[in-house]
Amino acid sequence: MSFKISHFSKEKLAELTVFMNTNHGLDNFTAKLLNEKIFDDPDFNTDLTVCSTCNGKLTGFGMAVLRQDGLGFIKLIAVGKDSRERGIGRAIYQVLEERLKIMGCRSIRVYNSNPNYLLPGVDPRYTPALCLFNSLGFRRYGETLNMSVDLKKMKFQTSVNEKKLLKSGVSITRAKLSDGERLISFMQSVFPLWVHEVKKMLSNDIITVFIASKDQEIISFAGYDGNNIGAGWFGPMGTHTAHRGMGIGSLLFRICLKDMKKKYRKAVIPWVEPVCFYSRVSGAEVERLFWLYQKEI
Ligand SMILES: CC(C)(COP(=O)(O)OP(=O)(O)OC[C@H]1O[C@@H](n2cnc3c(N)ncnc32)[C@H](O)[C@@H]1OP(=O)(O)O)[C@@H](O)C(=O)NCCC(=O)NCCS
């Protein structure tokens with residue numbers, strides 16, 4: 001089978017949506033989600049967004065990004081079921097690697113392209129993908145997981161704890177546009193990795209980030225719909241180290257889930273480290289595992 005690799009253009013978004021749902025089948029795609037992943041990525045680059053076609057029909061898609069720190073990511077890759085094991089996946093990867101290298105990239109990871117990413121790594125149930133990345137010289141350097149909370153089952157009583165915290169001078173509110181500047185400066189100094197997602201939350205029609213403040217200072221935040229909007233993604237969240245252990249984080253988390261319940265049946269907590277925290281506070285369960293891959297080029 002002959003195939004041609006070329007730039008991917010926005011006019012093919014509807015075709016790509018069907019293609020990804022058919023060929024990247026453990027995940028659900030909408031045109032809106034793909035638009036966010038591809039064209040709304042802060043480092044979107046047409047040279048790193050390619051597709052393979054045969055007689056004008058999509059047979060493969062691949063996207064990479066180069067982040068500011070010089071780390072490259074394969075952000076999405078899929079080949080049509082009918083076109084697999086014919087070298088298309090390898091060819092798409094090689095075009096992307098070559099272009100990343102010319103742009104100064106020396107190290108490539110797979111999928112966990114914070115702050116705009118679909119998945120925090122490779123779900124090992126995508127077995128041919130594991131084989132592909134092994135054969136391309138990637139090494140597995142770690143793993144991570146997603147948890148989820150069944151929101152239908154949950155009752156979120158938050159007012160008693162909110163009152164308790166208020167007595168110790170801590171107030172919790174949904175962030176307002178007028179909080180934006182000080183929230184972003186809090187993020188920049190305490191949680192710089194998450195500035196982009198919080199900016200997204202502040203730009204949503206109804207702001208989806210909540211903050212805890214004491215003496216006019218922001219000390220903790222939690223939000224949702226900062227990434228994979230429409231998929232029910234919670235987080236990130238974080239409390240300044242000086243104010244941990246007071247129940248602020250768990251309350252903010254539950255307030256967020258309560259708000260998410262108006263819109264979603266399930267909340268996904270992606271790329272989790274404090275598994276026991278989320279499990280205890282909300283009954284969240286581990287839902288999906290991911291393997292992390294890297295290659296030096
Ligand atoms: C992963 C994927 C993109 C591979 O595409 P492909 O066009 O079939 O891959 P290629 O034909 O270029 O194969 C390249 C190498 O990958 C490995 N490979 C690919 N599919 C394999 C399979 N089913 N079994 C074993 N090895 C496989 C082989 O090492 C192969 O090299 P070789 O043929 O010289 O031995 C494709 O299977 C796919 O779209 N999967 C679903 C989407 C997906 O998993 N995306 C990544 C999510 S993290």
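How many residues of domain 1 are in contact with how many residues of domain 2? Ten residues of domain 1 meet eight of domain 2, with contact meaning heavy atoms within 4.5 Å. The structure is a predicted model, in which local features need pLDDT of at least 70 and side-chain atom pairs count only at pLDDT 80 or more, while totals for chains, interfaces and linings use all residues. Residues are numbered from 1 along each chain as its sequence is written, and side-chain values use heavy atoms, with hydrogens and water left out.

The two domains span residues 4-140 (domain 1) and 155-260 (domain 2), with bounds that come from an automatic or database domain assignment. Their C-alpha centres are 32 Å apart. Between them, about 840 Å² is buried, and carbon and sulfur atoms give 45% of this area; buried area here is the accessible area (1.4 Å probe) that two parts lose on being put together, summed over both. On the domain 1 side, Glu36, Asn114 and Pro115 supply 48% of the area buried against domain 2, more than any other three residues.

Charged pairs come next. Side chains of opposite charge can pair when their charged atoms come close. The whole structure holds 18 salt bridges, each defined as a side-chain nitrogen of Lys or Arg within 4 Å of a carboxyl oxygen of Asp or Glu. One salt bridge crosses the interface of domain 1 and domain 2. Asp40 and Lys200 form a salt bridge in which the closest N and O atoms are 3.9 Å apart. Asp40 is partly exposed, at 38% relative accessible area, and Lys200 is also partly exposed, at 22%; buried means under 20% relative accessible area, exposed over 50%, and partly exposed in between (1.4 Å probe, protein chains only).

Another salt bridge joins Asp123 to Arg288, at 2.7 Å from N to O. Asp123 sits in the loop between strand S5 (107-110) and helix H4 (127-135) and Arg288 in strand S12 (residues 285-296), so the pair ties together parts 165 residues apart in sequence. Helices (H or I, at least four residues) and strands (E, at least two) are DSSP runs, numbered from the N terminus.

In the salt bridge between Lys176 and Asp179 (3.8 Å, N to O), Lys176 is partly exposed at 47%, whereas Asp179 is buried at 7%.
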